[in-house]
Amino acid sequence: MTREVTQVTRPDDNCRPATSWRRAASAFHAWRTRRQEHAPPTSDTGSPAPEPVPGANTLWRMRTTVQDEPGSLAALCAALAGQRVDILSLQTHPLATGTVDEFLLRGPAGLPASEVTAAVESAGGTDTWIERADAHDLVDAPTRVLGLAARTALDAAELPLALRQLLGRCTIRSRPAPAGGGRATGGGLVEGALDDTVMRLRGPEGGVITVERPYLPFTPTEFARARALVELDARLGPRLPHGRDVLTLAEGSDITVRRADTRDLEAARAMHERCSAGTLRLRYHGPVGDADRYLNHLLSPRYGRTLAVQTASGRVVGLGHLLWDGDETEVALLVEDTWQRRGVGAELLRRLVGMAVDAGCSSVYAVTQASNTGMVAAMRGLGLPLDYQVEEGTLVITARLGEAVVTAAAEELGSTSAP
């Protein structure tokens, strides 16, 4: 269950949870409204400048719009040189009138962003935006795009992450096509649409992918790159990394942990049938009869990653979900009753958090109930800083990720680099 109710827990308009579920959903939305943060403003990000170090430099990413005429770029270069700023790379984004120039700059550590901006604007630049960069930005654009394409080719769940790395800080939401094969709400998209800070792309299965970046308008060049990445994903079709781990639990039972997708739908439904009503209610926060309706969406790699726990006989007895919820990430667990309290849930959660670290997430959250002692204990067992929010009996636990997560997490099953 996610806080974006229309995205995960209501895959179509016919899936209407009962009143108790709506009360929980309302609580999640109230909680999210109070804590939601958005991208930085269009000027400097406001991050505090470090103490100047003799000989040290600072990397900046900057965009500015200039007139498309001879000498305009030369004037910008001269203005930057006057501030002892070195241009490491330059990309141009043509517009109908003018050009957006995107720079990677290296300047003296004590030089504030405001002085760089003032120098650029004095040389004819307009709508200038600047923020701190790091060593990752030193990779040239073609190399970065090829790397993102390779990650997407290996794993369908990589598409939202690849788009975010391609476009910078942005919010990405996927809306599935309506049941019955109709077109998803959001317009009759054929190849997509670009509207300033919002782009809409036709999803691989017929839905709509919406990308929002309020702090910086998208350029037609960025739109073309994003559309090409989505088209690549659609042409490759369903795919998952093939890695799997066989583990021995403390009691001696062997289990296999592997990635799962919609091809495991029947096995997941069979597990639902073996679960008690109480277990399903703790997981889905509503009528147990609605549980099967969510599976197709939850298992889709378009909306996140799923791990399945499988016995030696091939029976699926546990599912763990890492769900992309806009610019946040949710973790959710379901373990069959007879396999609870054996360490299955803790193992799933540990691996999901490792996948979140590998994906660059700064935190993950779990939506549960205070009575779900198993989930609460599993979150505490991560050894990470936790934040708790309680709304009308619903408990939201947020784990802040950092160096406390084992460094081997990126090598766990489900790593984006898995073959």
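The following conversation discusses a predicted model of a protein chain.

Me: What is the secondary structure of the protein chain?
Reply: The protein chain has 11 helices and 16 strands. Helices (H or I, at least four residues) and strands (E, at least two) are DSSP runs, numbered from the N terminus. In this predicted model, local features need pLDDT of at least 70 and side-chain atom pairs count only at pLDDT 80 or more, while totals for chains, interfaces and linings use all residues. Residues are numbered from 1 along each chain as its sequence is written, and side-chain values use heavy atoms, with hydrogens and water left out.

Me: How many of the residues are buried, as a percentage?
Reply: Of the 419 residues in the protein chain, 50% are buried. Buried means under 20% relative accessible area, exposed means over 50%, and partly exposed lies in between (1.4 Å probe, protein chains only).

Me: And what is the accessible surface?
Reply: The accessible surface comes to about 19300 Å², and 51% of that surface belongs to carbon and sulfur atoms. The areas come from the Shrake-Rupley method with a 1.4 Å probe; for residues, only the protein chains shown count as cover.

Me: Changing topic: how many salt bridges does the structure hold?
Reply: The structure holds 22 salt bridges. A salt bridge here is a side-chain nitrogen of Lys or Arg within 4 Å of a carboxyl oxygen of Asp or Glu.

Me: Which residue forms a salt bridge with Glu131?
Reply: Arg61 is a partner of Glu131, and their closest N and O atoms are 2.4 Å apart. Glu131 lies in strand β4 (residues 126–132) and Arg61 in strand β1 (residues 57–66), so the pair ties together parts that are 70 residues apart in sequence.

Me: Are those two buried or exposed?
Reply: Glu131 is buried at 7% relative accessible area, and Arg61 also counts as buried, at 18%.

Me: Where do Asp155 and Arg259 lie?
Reply: Their side chains meet in a salt bridge (2.9 Å, N to O). Asp155 is in the loop between α4 (141–154) and α5 (159–167), and Arg259 is in strand β10 (residues 254–260), so the pair links distant parts of the chain, 104 residues apart. Asp155 is buried with a relative accessible area of 0%, and Arg259 is buried with 5%.

Me: What about Glu347 and Arg350, where do they lie?
Reply: Both lie in helix α10 (residues 344–358), three residues apart, about one turn of the helix. Glu347 counts as buried at 17% relative accessibility, whereas Arg350 is partly exposed at 34%.

Me: On to the strands. How many residues of β16 are buried?
Reply: Six of the seven residues in strand β16 (residues 394–400) are buried.

Me: Which strands does β16 pair with?
Reply: Strand β14 (residues 363–369) is joined to β16 by seven bridges, and the two run antiparallel. Strand β15 (residues 386–391) is joined to β16 by six bridges, also antiparallel. Two strands pair if DSSP finds at least two bridges between them. In β16, Leu395 is the bridge partner of Thr368, and Val396 is the bridge partner of Gln389.

Me: What is the phi of Glu392?
Reply: Glu392 takes a positive phi near 50° in the hairpin of β15 and β16, which has two residues between the strands.

Me: Now the rings: how many aromatic pairs are there?
Reply: The structure holds two aromatic pairs. Trp129 and Tyr215 form a tilted one, with 5.9 Å centre to centre and 40° between the planes. Rings of Phe, Tyr and Trp (its six-membered ring) pair if their centres lie within 6.5 Å; planes under 30 degrees apart count as stacked, over 60 as edge-to-face and the rest as tilted.

Me: Are Trp129 and Tyr215 buried or exposed?
Reply: Trp129 is buried, and Tyr215 is buried too.

Me: What lies over the face of Tyr215?
Reply: Arg169 does, at 4.7 Å from the ring centre. A charge sits over a ring if NZ of Lys or CZ of Arg is within 6 Å of the ring centre and within 35 degrees of the ring normal.
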